[in-house]
Amino acid sequence: MKSAKSTRRMILSATAVVALATSGAVASADARSPEAAGSPGVVVPFGSYNGTVDGVRTPFDGEIHNNSLAVSPDERIAVAANSQSDHLVVIDLRRGREITKIKGYVTPRNILFAPDGHSFTVSDSTLGVLDRISLHTFQVEKRLPLGAGVFGTAQTNDGKRLYANNEAANTVTVVDLAASRPVSVITGFAQPRQGVKLAPAGDILYVTNFQGDRITTVDTTTNKPAKEIGGFNQVRGLSVSRDGTRLYAANSGDNTVSIIDTASGATLQKVPVGQQPYGAALSPDETVLFSGNLGGNTLTAVDPDTGTVIGTVTGLIGPRQAISFSADSKTAWVLNEDLTVAEVDVHALKVIRTLGKV
């Protein structure tokens, strides 16, 4: 008898992917209004595989766990998910409460806001889609099939292009967001998962390969791999400095964060942090790097220039790579394992509120 995992992979590979219009019951509240309460949204099932085998929940790649948090450009709304839940959570950051849930997902992976703040994208590695969802209606405006295994995403500053890792196909798909279609598929990766980051200039894409513990750089003008950087141990979240000269990468295998010279690919330092670091999030003013330590339930604050540990933030629940900073770098929002959000005073290195509690 074939295993459930083999069965679902056969189902996915044997059936053509067809995009469906999503016209099911969704919330119609305006998320920008502090009074928006909203009823739970529901995403219409898509394609041949809905995440169950013989009625048992069986995600395509459910053994790979991660989470995601995106904050709207006006810093009023957060959208969060983890890959073990079937929904997204929308939180009013000012009032600190949950607005609504958007249901219908199986393994939601990565969330990104559009630069105008009116919509956001989410990938689902079981459904094999990238959805664009309106922040005003919580309705799916566009659904783009990218194949089972679609994982981490990164987008250009103008929101015109998006890069999507596919850990099952070992590819990165380049998406024209305005036209809502793929324009290129880049090959040569090995289990590219959540870790993908664009350099601020947009000229280089950094893609983690979980298999082989290396990072591949991609020239975004040619959409071709340029070089590989090694020396990691279960590489996870990434950040790139504003001038593009430094790369920061979390190593969950040896409890460190690597500081890399991007020109040479050399490891300048491996900074000891907390237990099982997944995140390596650089503040906009580049004065602090936060490592989200899953095993230690902490953040480690690191001086990104010197590699010196500044301090530790406690009071978190299973933080991973889902860490967002305010534009002024004074506040950080960190996703907890239970899909609440810890609001952190960056200067004081202290959790000041927990948002999203029902």
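Let me begin with a pair of neighbours, strands β9 (residues 119–124) and β10 (residues 129–134), which run antiparallel and are joined by six bridges. Strands here are DSSP runs of E with at least two residues, numbered from the N terminus, and two strands pair if DSSP finds at least two bridges between them. This is a predicted model, in which local features need pLDDT of at least 70 and side-chain atom pairs count only at pLDDT 80 or more, while totals for chains, interfaces and linings use all residues. Residues are numbered from 1 along each chain as its sequence is written, and side-chain values use heavy atoms, with hydrogens and water left out.

Staying with β10, F120 stands opposite I133 in that strand, and in the hairpin of β9 and β10, with four residues between the strands, G128 takes a positive phi near 70 degrees. On to the next partner: β10 also pairs with strand β11 (residues 140–145), in the antiparallel sense and over five bridges, and there V129 stands opposite P145. The hairpin of β10 and β11 has five residues between the strands, and F138 in it takes a positive phi near 60 degrees.

How many of the six residues of β10 are buried? Six of the six are, where buried means under 20% relative accessible area, exposed over 50%, and partly exposed in between, with a 1.4 Å probe and protein chains only. Both faces of the strand are covered, with V129, D131 and I133 on one side and L130, R132 and S134 on the other.

Two loop residues also deserve a look. N170, in the loop between β13 (161–166) and β14 (171–176), has a positive phi of about 60 degrees although it is not a glycine, and at 26% relative accessibility N170 counts as partly exposed. L339, in the loop between β29 (331–335) and β30 (341–345), has a positive phi of about 70 degrees, and it is not a glycine either; at 9% relative accessibility, L339 counts as buried.

β4 gives the most to the lining, with five residues. A pocket, on a 1 Å grid over the protein atoms alone, is an open set of points with protein on both sides within 12 Å along at least five of seven lines, whereas a cavity is a set of points where a 1.4 Å probe fits but cannot get out; lining residues have an atom within 4 Å of a point. The search of the whole structure finds one cavity of 30 Å³ or more, and about 120 Å³ of space lies in the largest cavity.

Finally, a word on confidence: pLDDT, the predictor's confidence in each residue from 0 to 100, has a mean of 89 for the chain, and 86% of the residues reach 70 or more. Over residues 1–39, however, the pLDDT is below 50. Where pLDDT is low, the predicted coordinates should not be read in detail.

How values were computed
Grid points are joined across faces, edges and corners, and a volume is the space filled by probe spheres set on the points. Contact means heavy atoms within 4.5 Å.
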